[in-house]
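Let's take a walk through this structure together. Have the sequence and the 3D view open as you read.

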Amino acid sequence: MTKKDFLTSFFLTLDSEDIDYFVYGEYRSLPKDTGESDIDIIVSDRDKVRVEDIMKTIIVNCELDLVSFYANTNAKFYRYLSSCGWGVQIDVLEGGLFYRGIAYYPYIDLSRFVTIYNGIKVLDINKGFYIDYIKEIIHNGRAKEKYRNVFLEQLRNNNDECKSEIEQRYSEDAWNLIKVN
């Protein structure tokens, strides 16, 4: 089985099982490849147990070896290796984006920006980069330039919407820090 065959089969399984999911992050190589990256999939809370079962089943059906697995409160990280020489890491983020157990972007809020790309449910790339800016700031205290540029563009083009979202999600103080900088 090729990596492309695996990825196609994997996403078809998620869809046929009616899993409420979407890919978060870089997806432009899917389903042919992962673009030298892992796959981040956000799943609804209602489907997290079913997805865990699917992840266990894939190794049997696709003849893969699970070579690494770890988990935290809201995510599970699977690394598979094929006997054909390719590997893939799939990160399953349950219920949204969290930092130290606190949701800063719940699934329901992110799912409003889901679109279809090559038959796969994905988070709109511009919204994803906008959220990546916030994610990087929360997790690392700084963000990559490509995320910052999209974030600033969104602020310029949708200032009132961004202001409302940031004030509601975080605080007026957070908005004041952003608009000053």
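**A loop to start from**

Start with Asn118, which sits in the loop between strand S8 (114-117) and strand S9 (120-123). Strands here are DSSP runs of E with at least two residues, helices are runs of H or I with at least four residues, and both are numbered from the N terminus. Asn118 isn't a glycine, yet its phi is positive, near 50°. Asn118 is also exposed, with a relative accessible area of 51%. For the cut-offs, exposed means over 50% relative accessible area, buried means under 20%, and partly exposed is in between (1.4 Å probe, protein chains only).

Before going on, a word on where this comes from: it's a predicted model, in which local features need pLDDT of at least 70 and side-chain atom pairs count only at pLDDT 80 or more, while totals for chains, interfaces and linings use all residues. Residues are numbered from 1 along each chain as its sequence is written, and side-chain values use heavy atoms, with hydrogens and water left out.

Now hop over to Glu63, in the loop between helix H2 (48-61) and strand S3 (64-72). Glu63 is another non-glycine with a positive phi, about 55°, and its relative accessible area of 63% makes it exposed.

Strands S6 (residues 96-99) and S7 (residues 102-106) run antiparallel and are joined by four bridges; two strands count as paired if DSSP finds at least two bridges between them. Leu97 stands opposite Tyr105 in S7. Two residues lie between the strands of this hairpin, and Arg100 takes a positive phi near 50°.

Where does Pro31 sit? Look in the loop between strand S1 (21-24) and strand S2 (39-43). The peptide bond that joins Leu30 and Pro31 is cis, with omega about 0°.

Time to zoom out. The protein has seven helices and nine strands. Its radius of gyration is 17 Å, close to the 16 Å that the globule rule gives for 181 residues, so it's as compact as a globular protein of that length. That radius is taken over C-alpha atoms, and the rule is 2.2 Å times the number of residues to the power 0.38. Along its principal axes, the C-alpha trace spans about 55 × 30 × 30 Å.

How much is tucked away? Of the 181 residues, 40% count as buried. Among contacts (heavy atoms within 4.5 Å) between residues at least 6 apart in sequence, 54% join residues at least 24 apart.
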